[in-house]
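The following paragraphs lead through a structure shown below. Please keep its sequence and coordinates in view while reading.

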Protein chains: 2
Amino acid sequence: MATINDVARAAGVSPSTVSYVLSGRRPISERTRERVRAAIAELGFHPHAGARALASSRTNVLALVVPLRADVSVPVIMQFATAVVTASRSHNHDVLLLTKDEGTAGLERVAHSTMVDALIVMDVERDDVRLTALRKLKQPSVLIGLPEDPAGIACVDLDFEAAAAEALRHLAWYGHRRVALVGPSPAVYRRGTTYAERFLTGFTAASAGLGLETVTHPCEPDRAGVRACLADIDAQLPGVTALVVHNEEVLRMVLEELRADGRRVPADISVVAICPRDVALTMPLPLTSVDIPAHDVGGLAVETAMRLLDGRSIEPVRLLPPTLVERESSAPPATAAG
Amino acid sequence: MATINDVARAAGVSPSTVSYVLSGRRPISERTRERVRAAIAELGFHPHAGARALASSRTNVLALVVPLRADVSVPVIMQFATAVVTASRSHNHDVLLLTKDEGTAGLERVAHSTMVDALIVMDVERDDVRLTALRKLKQPSVLIGLPEDPAGIACVDLDFEAAAAEALRHLAWYGHRRVALVGPSPAVYRRGTTYAERFLTGFTAASAGLGLETVTHPCEPDRAGVRACLADIDAQLPGVTALVVHNEEVLRMVLEELRADGRRVPADISVVAICPRDVALTMPLPLTSVDIPAHDVGGLAVETAMRLLDGRSIEPVRLLPPTLVERESSAPPATAAG
DNA sequence: CCGGATCGTCGAAGCGCTTCGATGATTTCG
DNA sequence: CGAAATCATCGAAGCGCTTCGACGATCCGG
């Protein structure tokens, strides 16, 4: 492997000049710059990452902590991950992949040993134990999610309260009066992943604001759970004309059960899903949905990390506004008067 | 951050002694070792990764190249990825996540800049352009998959030929004589991902060996594709009593279509899937399946990389034997005589 | 009781890069 | 036209670690 000295020799300049050509931190004449560039290309020179990190205390690597197999749906995790990698690359950074199961120790390990410049953490819980560890690190961190007390740590996420409101507004506009929420599994609530609660809060508030009759119900991610959930909903709120489903795992099963029940979507019952676009599109029927913009959120997380590293200002909490896209699963209720 | 010098001072020894305690490359007396350990713990010392890499030319990082959104199913990719991360951690390595779309350049970048000790590459194609680049790197690489000419590069994968044979043997044993293969989408074949071909080869060979009447058909991953595929199969091989499905994307839809068609699984038609265990289990009916052991393959890839790094011997191509697990989707055909 | 192993530790060099201060050379301007 | 400012480049120090050779100290056998 060629070193910076080889390049310097080949270009007839000093190593520091090569370094300055590379970093642009000092003006270098066009002529010299060209010679150096040619030498770099000819020798196939790539700066040694470790040496660079040692000298500059910058690694150009971001840590990404992903849940291993939580109740978060796998495709969504992948979408976040690829978004983070892609965005990182466009900022000339690489991504070190950590799993949540390494816990606090993993974060401290990579941070203390200076493997990364910043950390992006997915799937944070309301009272996540990792938060205090993150606050102590010299590297900044960005959460995807929103804990109870985000003080001192940047957070980005979808605005789930607004998402719930958006879904209800759409249904109310069509004339629905009785709407049920099929929520995440009880495990998600128990675990304290706040997006579930935030959605619930938004749902309840919007329901009141719009004067709707609503009921909310968590849903276990299996056939039995779905059946039980739908049965409970019917029992608690007879004459429901619309469902908001905030649970990708069961989305498909809900549709199947409705169908098995002889209820046509959207003729007999409307369905609005909260899920990534492509999930909404690969269902038997293209679903009206509020997008979970994993790509945007991931990109924003990286962007935020970069600003933090550059000492630029950031908004500590950034909640992206939701977008509802109407597709084929929502329509006016069969009888406009609920 | 504490440095090795701080530790040395605190323990009353020289920095090199601390280093030797850490690496175990030279004998250090119990007494000294303890003092050093205490100092390390007290100061919360973590060696600087860059400095270490620079001095030792070892990064303790593995690159993992994942397909971004190929026709490979996302959960499988995630399973490989988490398996690789977990296994790497157990060997004291971290994982740098690269996406396939960076192509050859990405591999060269991380290798030339000495960011990683070895590379693990998923989703290799028959004639993958990245192969020649990989061969030139000073770091070893391990492929998950099997290209046409794996010369000089270690490969690990499931033995897909054997997997096909296993599926057919199971069905033949039950007395099925007419079996159809619902294969991956044409795009997968076109792309030259060899697992599809290997499965097909194994399927055809075993079919002949067992004296079965079979037909094989790729399948587009949408409702229309599934319908077309099933219709074609019925047209080409009337009286089919069993399906082997080597396409996770459509698995669920195949079951739905069969059901819509009034064909009961397994009473009217048996189904054997080639997919990860948990996919087989989360279907409406637990499926008899040949496991895709992503976890094992990922672990083996890491293990192989480690052996390569340690200069230990390896088998250049390692194909894991398949395991068929009988569940509820296979049974004897309605009439034992096909 | 002495010469040669063996053991435990140290000091120094060096890994490849960045960065700071210094230094000529050139330009600018009063 | 000379002092001051600016420009382009260089040299050297230093980032934090590993590793090699060296060196006393302890051990062994004869």
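In which helix of chain B is B:Gln79 found? B:Gln79 belongs to helix H5 of chain B, residues 74-90, where helices are DSSP runs of H or I with at least four residues, numbered from the N terminus. The model is predicted, so local features need pLDDT of at least 70 and side-chain atom pairs count only at pLDDT 80 or more, whereas totals for chains, interfaces and linings use all residues. Residues are numbered from 1 along each chain as its sequence is written, chains are lettered from A and ligands numbered from 1 in the order in which they are written, and side-chain values use heavy atoms, with hydrogens and water left out.

B:Gln79 counts as buried because its relative accessibility is 17%; buried means under 20% relative accessible area, with a 1.4 Å probe and protein chains only. Apart from neighbours within four places in sequence, B:Gln79 contacts B:Pro276, B:Asp278 and B:Ala294, a contact being heavy atoms within 4.5 Å.

Attention now turns to the DNA. Around DNA strand D there are 28 residues, of which A:Thr17, A:Thr32, B:Ile4, B:Tyr20 and B:Arg26 come nearest; a residue is near a strand if one of its heavy atoms lies within 4 Å of it. Helices H2 (15-23) and H4 (49-56) of chain A and of chain B each supply at least two residues of this surface, and H4(B) gives the most, with 5 residues.

An N or O atom in the side chain of B:Tyr20 is 2.5 Å from a base nitrogen of DNA strand D. Phosphate oxygens of DNA strand D lie 2.8 Å from a backbone N or O atom of A:Ser29 and 3.0 Å from a side-chain N or O atom of B:Arg25.

Notes:
A polar contact is a pair of N or O atoms within 3.5 Å; within protein, one must be able to donate a hydrogen and the other to accept it, and residues adjacent in sequence count only if both atoms are side-chain atoms. Buried means under 20% relative accessible area, exposed over 50%, partly exposed in between (1.4 Å probe, protein chains only).
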